[in-house]
Amino acid sequence: MVLNPHKLGVHKVLKHIPLNALFDAPSKARLRKAVNIADLRLCAKQRAHKMVFDYLDAGADDEISLRRGKDAYSELEMHFHILSGLKPPLDLSTKIFGKDVKLPFFGCPTAGNRMFHWEGETAAARAAKHHGTLYGLSSLATTGITEIGQLTDGPKVFQLYVWKDRELVKEVLSKAKEGGFDAMALTVDFTWYGNRERDIRNDFSIPPKYSVRQMIEAIRKPAWTYDFLSHEPYNYACINTEVPADSLAAFVNSQIAPEFNWRDAEWLLGEWGLPSAVKGVCRPDDAIKAVETGFSTMWVSNHGARQLETSPATIDVLPSIREAVGPDVEIIMDGGVQRGTDIAKALALGADSVGVGKPYLYGLAAGGTEGVIKAYDILKVELDRAMGLLGTGTVDDLKKRGPGLIKRRGASARDYPDRYAYERGYGGGVI
């Protein structure tokens, strides 16, 4: 057995020495000054261990899809109406999975949130409750289903991977129902683990391997490090609390079922019996098949550009999927969203709601609950402004009139601010 601070019980001592506020003071000061999601990204980069930040920030292989996912929105112009008689704030309410929400966007279910900040998934759940929107819990979460269910009675979706062990699947789905989850999202683009080369270069592991390199980086990031050392070690609380976080790769490799197919999906839908999304759709023919199989919601996603390199930008394929399934099938889209204008464009081109991943995780890594709430605040204000300037007073109005408001043109170097755009988190077009 390899000894580490948690096995030596260091966290049991440090939890009685409340230095978190001291170490976090610079982070909180930076967080207060953040004005957009790119600023939150830099706040997260300055607070989090490099290994952790790069895990959050990275894409697959050469990160072409990651850059394209952001750049694609720059090629969509917003052709606005004038003198619409609107005044702020607008009504941003809509329905997701049939449940009323106050915002048409939400935080996507993401694994291992306590890696970024000790509050983990509870921070994201509190932010969702604060803003009255959907909360998504990953089956690889570091906070349990019961705890989340007790924390928020708002609408919730539980994300599930294609596990081999059907008894495990049934057990997890039963817990999700008992925890008050309204819908299930089956992630279907994770049958192989994506090639994330930043993780390889950083020798990514949970917890860190305590090499000289990792310890030097930990010293450079005292707020993150004290959080990590002064709290209980994480485990994957939704599937098996006996599986420690540092066994994630082995567990996933042993449980993911690459052979999972449409017949297996039918079995899963029968076990769940409530609204269900298929998460990872990027082709119209697959969307049609999913509707025929019984999924109520199409979730257009490429897993944050972390799986198949050169997979298409989700905003580019969204209109074709809406055309394929018709006007009555619910569509969620995620991928590349950094601005409220991006959310407006997705709603205009066929999405009923929009999932965000990196934006709220940047907020989480930068400042826990406060950071996630700020990420939502930023996107809400930007979306409200975009809709008002477009001349659309409600989400339904934006969706109905959307195709006539958004027009595509070729990319231009003028789309990209300057040579330092990459340092601010902008994904492409660096000149």
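The legends below describe close-up views of a predicted model.

Local features are given where pLDDT is at least 70 and side-chain atom pairs where pLDDT is 80 or more, while totals for chains, interfaces and linings use all residues. Residues are numbered from 1 along each chain as its sequence is written, and side-chain values use heavy atoms, with hydrogens and water left out.

**View A. Helices α14 and α15 in contact.**
Two packed helices are described by the angle between their axes and the distance between the axes. Helix α14 covers residues 284–293 and helix α15 residues 314–325; their axes come within 9 Å and cross at roughly 40°. Helices (H or I, at least four residues) and strands (E, at least two) are DSSP runs, numbered from the N terminus. Axes are lines fitted to C-alpha atoms, for helices over the stretch in contact, with angles from 0 to 180 degrees between N-to-C directions. The two helices are therefore oblique to each other; angles under 35 degrees count as roughly parallel, over 145 as roughly antiparallel, 65 to 115 as roughly perpendicular and the rest as oblique. The crossing of α14 with α15 is right-handed, a term used if the near helix is turned clockwise from the far one by less than a right angle, and left-handed if anticlockwise. On α14 the contact (heavy atoms within 4.5 Å) involves Pro-284, Ala-287, Ile-288 and Val-291, and on α15 it involves Ser-320, Ile-321, Ala-324 and Val-325. Of these residues seven are nonpolar, one is polar and none is charged. Ala, Val, Leu, Ile, Met, Phe, Trp, Tyr, Cys and Pro count as nonpolar, Asp, Glu, Lys and Arg as charged, and the others, Gly among them, as polar.

Seven of the eight residues of α4 (residues 50–57) are buried, so the helix is largely enclosed by the rest of the structure. Buried means under 20% relative accessible area, exposed over 50%, and partly exposed in between (1.4 Å probe, protein chains only). The buried residues are Met-51, Val-52, Phe-53, Asp-54, Tyr-55, Leu-56 and Asp-57. They pack against several helices, including α3 (37–47), α5 (64–74) and α17 (358–390).

**View C. Strand β11 and its partners.**
In a regular strand the side chains alternate between the two faces of the sheet. In β11 (residues 353–356), Ser-353 and Gly-355 point one way, Val-354 and Val-356 point the other way, and all are buried. Strand β4 (residues 105–107) pairs with β11 in parallel over three bridges; two strands pair if DSSP finds at least two bridges between them. Strand β10 (residues 330–334) also runs parallel to β11, joined by three bridges. Gly-355 stands opposite Phe-106 and opposite Asp-334.

Most residues other than glycine have a negative phi, and most peptide bonds are trans. The bond from Pro-88 to Pro-89 is cis, with omega near -5°, and Pro-89 lies in the loop between β1 (76–78) and β2 (94–96). Asp-61, in the loop between α4 and α5, is not a glycine but has a positive phi of about 50°. Its relative accessibility of 30% makes Asp-61 partly exposed. Ala-305, in the loop between β9 (297–300) and α15, has a positive phi of about 60°, and with a relative accessible area of 4% Ala-305 is buried.
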